[in-house]
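Please take a look at the structure below.

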Amino acid sequence: MSDGKRELIRFEEVTKAYGATLALKKVSFTCQAGEVRAVLGENGAGKSTLMKLMSGVIQPTLGKIYVDGQPVRLESPGAARDLGIVCMFQELSLVPDLSVRDNILLGAKEVGMGRLSKGNLTRARAILDRIEGAHIPMKRKVADLSLPERQQVEIAKAICRAPRLLILDEATSALNASVVQKVFGLVRDLRDQGTGILFISHRFHEVDDLADSISVFRNGEHVDTFQKGKHSYSEIIAKMIGQSLTELFPPRLSPIPDGAPLLKVDDLSFGDTLRGVSLEVRPGEVLGLGGLDGQGQMVLVQALFGLLKKTGGQISENGHPLQLKSPRAAKAPPTGIALVPEDRKTEGLIPELSIRENMELAALGRHPFGLTDLDNGIDPDLFTRFTSEMELVCRNFDQPVSDLSGGNQQKVALTKWLALQPRCLLLADPTRGIDVKTKTQIYRLIRQLAAEGVAIILLSTDYEELIHLCDSVHVFYDGAVRQVLEGPELTAENIIAASLNVNSVPVQAAQGHPAHA
Amino acid sequence: MLDDIRTNKREVIALAFLVVLVSVYLTTHPSGPTTYVLTIWANQCTVLALVAIAQFFAVLVRGLDLSVGAVMALTNTLASHLLIGSSTSIGLGLLAVLAVGSLCGLANGLAIVYGRIQPIVATLASASVFVGLALLLRPTPGGEIDFDLADALTLDIWGLPTALVILTVIVVVFWIPLRRTGFGLALYAIGSSQQAAFQSGTPVARVRLAAFVLAGLFAGVAGLFVSFITTTGDASIAPNYTLNSIAAVVLGGIALRGGVGSLFGALIGAFILKTISALMFFSGLPPLAQPFVEGLILAVAIAIGSADILRLRNRLEVFDR
């Protein structure tokens, strides 16, 4: 390589297709030893596909992969591991029913199918101790650990395999700032010893803190790779989304409402995952829920949709207390709450059923004996209204949902609930993993529903969405609302700071200075 | 220590239940706790325990095996042809019987792992094939087994039932070392989360295949042990043992969704089931009422084991159970 660093892995015109969808399009990409490379891109830009290809989880449809200059076939994670490529996955690769110890030993190169050796354990223990995981016992079952603890174990597991190329896919998303700094220290040490590191993160200040160079992906294409500091924050964002933010987010259609609240949450609590949350949402308002994964936002949404038993506090609608015993009670008129869940494939839709059947499903059982009455008082025109508004692409409504692309599936999941004409709409990360065009269509729909007087609660992991779509954002940390941001305070820096439970981040954090807690 | 009990909660509950049952059985038995009573009880329990081990390996990797009883029938009828004559031919016969058991497991495993057929469907079909073969070998019960060998394995050693010695050897010499290998770990990992195991670099397909071979092997051992107890071959024993093997692993705290439980748990489950039946026999209950009471005890025991589902407060988590 030009700067004298040794090349570890190289992609040459690699394409990965899922059916008709191209997840990666002719990507050429190189990664070097002794360098931290950040990979940036929106959800669905192809970052995860790239990582899965490198770690042998999936194989390319076309193109070649070289390791140390030799063409290779990475046909399984085991094969990648043998070449020194280790990935820490975003969806945790820990086995829940096994202990921390067993998970660290599982699949380690030295262990194989033979006797379990203890060598890895001492190393893993030392790594855990260094990243504030000293309290995690080796014998504890992974299922009994908290999400941050699992991430710490996951990091120890990956690093104690002594990788030559370490892939960190949102590896620190649940960790607090002080642990993150220790993990970064560890990663820098590895880099100085010659390990190549690929670092995927949505947090700009982390990228700024750790990366030596940055690669940007968009729509399955490798847009650019450059040294850190060459481009400004806003230039990088422009590369990521390929258009300006104002094109992506449609303008507000109606002023911020100031009437009486529709839904009022008072001191809501649930075990230690939700601690005394209060908020109100008015008809026509878009209220954002932000924060790192697993800080209680999702629990609040589940509580509002009647999924939790024995919650503390009170939920009321138009001043009347609600008894949300089940999703059925939540969706029944006149309460009219709808939830479009996070994972459309497992929670939002039944992939084998047709589009029409999926859309009718939400309407079932709204009235007594509702299951015997197929009609259910739903106007089929409502289905077509929303599907045409969002430009659903399908042959007809009898096509199974599994045939559709991710974006079109999400349109069906939305239509299914919108046809009930809910008064309050709960959206959990509605644009995760879908293309930019569909995003814009969904954003437009959210604006329009708000203008029609629907109260909308939008949970999102995407800062831009929170900033440009919401009237106010409640940022969660450790089960409570850390901060409510609105108006000019609603900036990426403030959301990040509140998410990490730090008081303030210098404004220039995103441009150059790391945000120390 | 507390951590150990918490992780093995299901086994601990099952073991306590078994201890109570066995004490009741031995104190209420008309002849008292003699070696003879113990040996008969141990033999009955051990047959089921062996087939429960077979079921355990299949269930551990998320694969209910409906053919374990059929493999028993096949190996039992085969043994009734081969285990007679000179010690050389008996020795070869033993090997042949165990090889057939393992081959049955291999066939199941290939269909499930590489043929991508659901375990229940694949083993339902193969069970019929195996029983069919057993019927060809023994259309009616009959044949004989070398008596010396049968006696040696089904009586006692210095007052200790040989059957219990065999099970102890299996646990100490086979299971405990196996659990300490990467293979043993991989069995659990695959049952708990195939995806996580695969992403950790485990050869998922080969390990699952090996699990089904082990299931076949142990069903073969169970078939052999039946032969030693009855000294005849009988092709009709399959259905009863298949169903009881499933009940035994459930009682022993092994999750049917895979990845949870231990071979020791399977043994406890089998012993509980057989001890309940034995208790019924001497209980003085009218014979026609016995299945009803037996079923009731089973249902209550299983309900206690899964009572913690009532404590779940997130309605979505119920579906993960």
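This is a predicted model: local features need pLDDT of at least 70, side-chain atom pairs count only at pLDDT 80 or more; totals for chains, interfaces and linings use all residues.

Residues are numbered from 1 along each chain as its sequence is written, chains are lettered from A and ligands numbered from 1 in the order in which they are written, and side-chain values use heavy atoms, with hydrogens and water left out.

**Chain A overall**

- Chain A holds 18 helices and 20 strands; helices (H or I, at least four residues) and strands (E, at least two) are DSSP runs numbered from the N terminus.
- The radius of gyration of chain A is 24 Å, which agrees with the value near 24 Å for a compact globule of 517 residues. This radius is taken over C-alpha atoms, and the globule rule is 2.2 Å times the number of residues to the power 0.38.
- The C-alpha trace of chain A spans about 65 × 50 × 50 Å along its principal axes.
- Of the 517 residues in chain A, 56% are buried. Buried means under 20% relative accessible area, exposed over 50%, and partly exposed in between (1.4 Å probe, protein chains only).
- Among contacts in chain A with a separation of 6 or more, 66% join residues 24 or more positions apart; a contact means heavy atoms within 4.5 Å.

**Largest cavity**

- On a 1 Å grid over the protein atoms alone, a cavity is a set of points where a 1.4 Å probe fits but cannot get out, and a pocket is an open set with protein on both sides within 12 Å along at least five of seven lines; lining residues have an atom within 4 Å of a point.
- Grid points are joined across faces, edges and corners, and a volume is the space filled by probe spheres set on the points.
- Five cavities reach 30 Å³ or more, and the largest cavity holds about 160 Å³.
- Its lining has 17 residues, with A:V86, A:C87, A:R161, B:Q199 and B:S200 nearest the centre.
- Strand 6 of chain A gives the largest share of this lining, four residues.
- By class, the lining of the largest cavity has eight nonpolar, five polar and four charged residues. Ala, Val, Leu, Ile, Met, Phe, Trp, Tyr, Cys and Pro count as nonpolar, Asp, Glu, Lys and Arg as charged, and the others, Gly among them, as polar.

**Second largest pocket**

- This pocket has a volume of about 300 Å³.
- Helix 5 (87–114), helix 10 (194–199) and helix 11 (204–230) of chain B each give two or more residues to its lining.
- Its lining includes B:Y114, B:R116 and B:F198.

**Cysteines**

- Over all chains there are zero disulfides, a disulfide being a pair of cysteine sulfur atoms within 2.5 Å.
- The sulfur of A:C87 lies 12 Å from the closest cysteine sulfur, in A:C31, too far for a bond.
- A:C87 is buried at 9% relative accessible area, while A:C394 is partly exposed at 26%.

**Backbone**

- The A:P333 to A:P334 peptide bond is cis, with omega near 5°. A:P334 sits in the loop between helix 11 (327–331) and strand 16 (337–340) of chain A.
- A:D478, not a glycine, has a positive phi of about 50°. A:D478 is partly exposed, with a relative accessible area of 41%.
- B:R116, not a glycine, has a positive phi of about 55°. B:R116 is exposed at 73% relative accessibility.
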